[in-house]
Amino acid sequence: MTLLLKSREAVLFGAIIALIVVISTRFPAFVAPSNLANAFNDTAPLIILALGQMAVILTRCIDLSVAANLALTGMVVAMLNTAAPWLPAPAIIMIAIGLGAVMGSINGFFVWKMRIPPIVVTLGTMTIFRGVIFLISGGEWINAHEMGENFKAFPRAIVLGLPVMSWIAIAIVALFYLLITRTPVGRAFFAVGGNPDAAVYTGINVGRTQFIAFLLSGMLAGLTGYLWVARYAVAYVDIAAGFELEVVAACVIGGISIAGGIGSVGGAVLGAVFLGVIKNALPVVNISPFWQLAISGSAIIIAVAFNAQTQRSKGRVILKKAEHAT
Amino acid sequence: MSITATNRSIPDRLGSPAQRYLKSWESLLLLVAVFVFLLNSLASPYFLDAWNLSDATFNFTEKAMIAFAMALLIISGEIDLSVASIIALASTAMGAAIQFGAGTPEIVAIGLSVGLICGAFNGALVTGLGLPSIVVTIGTMSLFRGISYIVLGDKAYTGYPASFSFFGQGYVWWVISFELVLFFVLAIIYGVVLHKTNFGRAVFAIGNNPVGAMFSGIRVARVKFILFLSTGLMASVAAICLTSRLGSTRPSIAVGWELEVVTMVVLGGVNILGGSGSIPGVVIAAFVMGLVTFGLGLLNVPGIVMSIVIGMLLIGVIALPRMWQQFAEKRSA
């Protein structure tokens, strides 16, 4: 099984390299280190969110509210910054993570305690969070000149050749790798997704594990909310609209099974990078950005079809048609 | 997404038919509808006006047409999140047809066939390749709308023929609009199909136990495929009504409708995990949602705030009965 997953990541990695090579044969400027660093920095929010989403999907849930969570946190910290410009960036980050955690735990609460299907909960909270942004901001934009210099500068500061935002993404990838592969919580994510009934018998609290997954996803969305608003220096109701689909797409492309229990940190990161490369390559090869949506959609469908093919051959199927029907 | 079997407890004996009828979700919902109606008529002096009420029906008729088909699909244990994008694609195709000088019958035929093709595409991926419908339709949701964006970009199609405007703006008699009539006709068709035919029974059977349904001789994949087709078709019917009503097509048409349609279905008492639900429930839910949004509109509440209300309704209608149940269990324990 690990061999299969490894080969899957290798396939994806090969596809990304091939994509970059093909683009670079016609547009050599694309592979300039500075451009690749830029592309990675652009993809950082997607990588961070894909990791949170991965934890949620591993436990057989889905979090469609991440983009709305990101936008609401971004708006709150931007308003906070205009009201109290003296707040240092670390304090803002803590507030953003805390706020994201609150929203994540709202999702987790309904899934854990009320046993409402996650898709219903997060579809609901997605619209509620967006609506709340409108309520608190009155539909107004917060523009670059209203934000403090410190607030905007932090994610863009260059450390060792890369912006802080990229370093944060790298740090979170490393932390998540440890969490998923080396801790009981990470193990519990796989157990709950692989077989919830068996997980109960091994003493794992399924609902609580799902709650933790939503909490993590919310915290990362909150953090990304600050990074996003500070980097693009604007906050309004519709920032990152539809981004939740891209996040789910990154996970599906990265080989994380939507049925839960299968996936890896490397896969999620590569899935996000794959979408990031496409997104950054479109303007270079002169394709209208209007193609972006259709391409992500096709990527999701192709990836999920590919996943199903590789996962189906994992054992002897006795009742082929019966398995097909479920 | 596969969902493990929920524990359904079977009561020792059923209450009398009248008692069951009173306790049913539909009668509770009807009560809510009456309450919202009264509240609205107290809150705004403009509410109780035949033409205003007629206008209010446009808030839900198009969404409800999709909701009927979606109800059957959800009862069978699948879901289609791409319906709003099918509207966008069907509307774009109809707008493009006009540029080639198509008349009203051709436009309608093109719209309906785009809906059928989209539905068949979803259905083939789900039943043919055995993929989870939620991921497939999240994918096709971006794909279908993405194609509209590729075709239209930031432009819009206008110039629909005058005869085409009947579908969304026409009145059959006095304040009774064509859309309202179509809404009731479709409600009756879907109600009869779900509750009075073998096909409807098969839908319930599949939702409760797909493997069991297969062993009892139901062609599960075929039934599901037909349900995806019908959802695609209803989305294109809604696209015809909406395009005719607005008189123009933009790629952002009907954004977020999938959420409202699913909310309507769940509010109507359909189990999101499949296996139970009714069309009368969806009809009343459509009225409740239409009245709520119309009432809030009369009170000058902005659209995005209404979406908060819709989101809370969606979670609330599922959470409240469960909270009540948990509370009752604790008390009896």
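## The α13–α14 pair of chain B

In this predicted model, helix α13 of chain B, residues 257-267, and helix α14 of chain B, residues 279-298, have axes that come within 8 Å and cross at roughly 125°. An angle between 115 and 145 degrees is neither roughly perpendicular nor roughly antiparallel, and therefore α13(B) is oblique to α14(B). The crossing in which α13(B) passes α14(B) is right-handed.

On the side of α13(B), the contact is formed by M264(B), V265(B) and L267(B), which meet V282(B), A285(B), A286(B), V288(B) and M289(B) of α14(B). By residue class, this contact of α13(B) with α14(B) consists of eight nonpolar residues, with no polar and no charged ones.

## The α5–α13 pair of chain B

Helix α13(B) also packs with helix α5 of chain B, residues 83-99, and here the two axes come within 7 Å and cross at roughly 130°. With that angle, α5(B) and α13(B) are therefore oblique to each other.

The residues of α5(B) that take part are V83(B), A84(B) and I87(B), and they meet W257(B), E258(B) and V261(B) in α13(B). The contact of α5(B) with α13(B) divides into five nonpolar residues, no polar residue and one charged residue.

## The side of chain B that touches chain A

Between the two chains, 45 residues of chain B are in contact with 44 residues of chain A.

The most is given by α7(B), with 14 residues. Taken by class, the residues on the side of chain B that touches chain A divide into 33 nonpolar, ten polar and two charged.

## Chain B as a whole

Chain B holds 15 helices and two strands. Its radius of gyration is 20 Å, close to the 20 Å that the globule rule gives for 333 residues, so chain B is as compact as a globular protein of that length. The C-alpha trace of chain B spans about 70 × 55 × 30 Å along its principal axes.

Of the 333 residues in chain B, 49% are buried.

Conventions. Residues are numbered from 1 along each chain as its sequence is written. Chains are lettered from A and ligands numbered from 1 in the order in which they are written. This is a predicted model: local features need pLDDT of at least 70, side-chain atom pairs count only at pLDDT 80 or more; totals for chains, interfaces and linings use all residues. Axes are lines fitted to C-alpha atoms, for helices over the stretch in contact, and angles run from 0 to 180 degrees between N-to-C directions. Helices (H or I, at least four residues) and strands (E, at least two) are DSSP runs, numbered from the N terminus. Angles under 35 degrees count as roughly parallel, over 145 as roughly antiparallel, 65 to 115 as roughly perpendicular and the rest as oblique. A crossing is left-handed if the near helix is turned anticlockwise from the far one by less than a right angle, and right-handed if clockwise. Two residues are in contact if their C-beta atoms, placed from the backbone, lie within 7 Å. Ala, Val, Leu, Ile, Met, Phe, Trp, Tyr, Cys and Pro count as nonpolar, Asp, Glu, Lys and Arg as charged, and the others, Gly among them, as polar. The radius of gyration is taken over C-alpha atoms; the globule rule is 2.2 Å times the number of residues to the power 0.38. A residue is buried if 20 or more other C-beta atoms lie within 10 Å of its own, exposed if 12 or fewer, and partly exposed in between; C-beta atoms are placed from the backbone.
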